[in-house]
Amino acid sequence: MKGVRFLLLALVGLLLVMSCSEEQDFDQIDDLAITPSYEASIFYVKAQETLINRIEGLNFYTQDFNFDAFEEPFFAERVLSGVITYELENTTSKPIEIRLEFLDEAENVIDTEVFNMDAAPTAILQRDVAYGATGKSLDIIKATSEVRLTAINLGDSSSSSSLPDPAIVLRSSAQFTLEIR
């Protein structure tokens, strides 16, 4: 009787092992595609109206910002698309022009964004610039080493806004999507 029980138990165990398992596929990781998005601030610039009034000439602000976001091969080789968001606020009494020039390592201009804004009161200007399949070429961003910001006073240098703390504020941020395999 012990032998029959042992044989029956072994047969049930064998059936359980064979019926509850299937061939394992450990190559599923090759089919996994992850596309995280990364967001970061690029720059924030604020110029008070009193400073603008003190500067003679049209250009009241020029600065070059280092932009080596795509210097790292891991990032540059995996980027799929991106959006740079600009937000411009003008509470001064002056119409202004903001010019952003994207420069490569040799300081050649490879792209330009121009913003024109009337004197206050105006709404905040927001512009999203897409890069990748639905926008400008990603090669522009990949080749950019510096961003040159130039602010131009299109008005006079004596007027003053009646708003508290009149200034021009430019903010920008970027969000890029990567493919990680």
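Me: Which strands form the open sheet, and in what order?
Reply: This is a predicted model, and in it 4 strands make up an open sheet, ordered S2-S7-S4-S5, with antiparallel pairing.

Me: Which ones are the edge strands?
Reply: Those are strand S2 (59–66) and strand S5 (109–117), each of which pairs on one side only.

Me: And what does the twist average?
Reply: From one strand to the next, the twist averages 15°.

Me: Let's zoom in on S4 and S5. How many bridges do they pair over?
Reply: Strand S4, residues 96–103, pairs with S5 over 8 bridges, in the antiparallel sense. To find your way along the pairing, Leu103 has Val109 in S5 as its bridge partner, and Ile98 stands opposite Phe115 in S5.

Me: What about the hairpin, how many residues sit between the strands?
Reply: There are 5 residues between S4 and S5 in that hairpin, and Glu107 takes a positive phi near 65° there.

Me: Switching topic: how many aromatic pairs does the structure hold?
Reply: It holds 2 aromatic pairs. In one of them, Phe43 and Phe65 have ring centres 4.8 Å apart and planes at 20°, so this pair is stacked.

Me: Where do Phe43 and Phe65 lie?
Reply: Phe43 is in strand S1 (residues 37–48) and Phe65 is in strand S2, so the pair ties together parts that are 22 residues apart in sequence.

Me: Is Phe43 buried or exposed?
Reply: Phe43 counts as buried, because its relative accessibility is 6% and the cut-off for buried is under 20%.

Me: And Phe65, buried or exposed?
Reply: Phe65 is buried too, with a relative accessible area of 16%.

Me: On to pockets. What volume does the largest pocket have?
Reply: The largest pocket has a volume of about 160 Å³.

Me: How do the lining residues divide into nonpolar, polar and charged?
Reply: The lining of the largest pocket has 9 nonpolar residues, 1 polar and 1 charged.

Conventions:
Residues are numbered from 1 along each chain as its sequence is written. This is a predicted model: local features need pLDDT of at least 70, side-chain atom pairs count only at pLDDT 80 or more; totals for chains, interfaces and linings use all residues. Side-chain values use heavy atoms; hydrogens and water are left out. Two strands pair if DSSP finds at least two bridges between them. Helices (H or I, at least four residues) and strands (E, at least two) are DSSP runs, numbered from the N terminus. Axes are lines fitted to C-alpha atoms, for helices over the stretch in contact, and angles run from 0 to 180 degrees between N-to-C directions. Rings of Phe, Tyr and Trp (its six-membered ring) pair if their centres lie within 6.5 Å; planes under 30 degrees apart count as stacked, over 60 as edge-to-face and the rest as tilted. Buried means under 20% relative accessible area, exposed over 50%, partly exposed in between (1.4 Å probe, protein chains only). On a 1 Å grid over the protein atoms alone, a cavity is a set of points where a 1.4 Å probe fits but cannot get out, and a pocket is an open set with protein on both sides within 12 Å along at least five of seven lines; lining residues have an atom within 4 Å of a point. Grid points are joined across faces, edges and corners, and a volume is the space filled by probe spheres set on the points. Ala, Val, Leu, Ile, Met, Phe, Trp, Tyr, Cys and Pro count as nonpolar, Asp, Glu, Lys and Arg as charged, and the others, Gly among them, as polar.
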